[in-house]
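I open these notes to record what I looked up in the coordinates, entry by entry.

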Amino acid sequence: HIPPNKLFSFAEFNGRLEELTFFLFNKAAAEIKKFLSVNPDQKFATNLAPSLISNLSLPDRLVNLIRVHGLRLENFSFEVTETSILNLEPVTLEVLSRMRIYGFDVAIDDFGTGSSNIQTLRDFPYSELKIDRTFISNATTDTFSRETVHAAVTLAKEQNMKVVAEGVENMES
């Protein structure tokens, strides 16, 4: 058994991350089709490695793969971790914009854990903000965490983004 982080690190180190990602996504699409037969509006989310979001062919390849399986684009959401968006280049903005134009949701994941750059919330076409669990789990006991969550929710609402609070485990959080 190889832990996923080791497998993906190995694939990236050897220049095979894109190949592995599409292989796994292709396998998952076949299973996803079964879930959608029960609930056609179900959403499926997957993380995208920073190296993938700088590849201009990514949106078209994803669209083609999803259509080959007879699935709808709106059923898919792609997540970009905050730490990977800090070094975005114009090509990445184009990739993310094209993904949104195609109808994919694009989420900024683990918000608050990197060197937060609030500007990216305004400048990049995210449809969802996922607040990291460390802020959510401490929101009832730590003023800084509570205010961070409040500020993130306010900013997301201003940008018409959905908000996901990761790690809600009890009524207080």
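**Entry 1, a bridge in the sheet.** I began with Ile-131, whose bridge partner in E5 is Ala-165. The model I am reading is a predicted one. I then looked at the two strands as a pair: E4, residues 128-131, is joined to E5 by four bridges, and the two run parallel.

**Entry 2, the whole sheet.** I traced the strand order as E1-E2-E3-E4-E5, an open sheet of five strands with parallel pairing. Which strands stand at the edges? I found E1 (44-47) and E5 (162-165) there; each has a single partner strand, so one side of each lacks a neighbour in the sheet. On average, neighbouring strands are turned by 25 degrees against each other, direction ignored.

I checked the length of H5 (residues 90-102): at 1.5 Å a residue its 13 residues should span 18 Å, and the end C-alpha atoms are 18 Å apart, which agrees. Which residues of H5 are buried? I list Thr-92, Val-95, Leu-96 and Met-99. Viewed down the axis of H5, these buried residues fall within an arc of 90 degrees, so they line one face of the helix. Gly-103 follows H5 and has a positive phi, near 110 degrees.

I set aside the neighbours of Met-99 within four places in sequence and found it in contact with Leu-48, Leu-58, Pro-59, Leu-62, Phe-78, Phe-104 and Val-106. I then turned to the largest nonpolar core, which has 41 residues; those that touch the most other members are Leu-58, Leu-62, Phe-76, Phe-78, Met-99, Phe-104 and Leu-129. Two or more residues of this core come from each of H2, H3, E2, H5, E3, E4, helix H7 (133-138) and helix H8 (143-158). H2 gives the most, with seven residues.

Terms used
Residues numbered from 1 in each chain as written. Predicted model: local features only at pLDDT ≥ 70, side-chain atom pairs only at ≥ 80, totals over all residues. Heavy atoms only, no water. Expected span 1.5 Å × (residues − 1). Buried < 20%, exposed > 50% of the residue type's maximum accessible area, 1.4 Å probe, protein only. Arc of directions from axis to C-beta. Pairing = 2+ DSSP bridges. Axes fitted to C-alpha atoms, helices over the stretch in contact; angles between N-to-C directions. Core = buried A, V, L, I, M, F, W, Y, C linked by side-chain atoms within 4.5 Å. Contact = heavy atoms within 4.5 Å.
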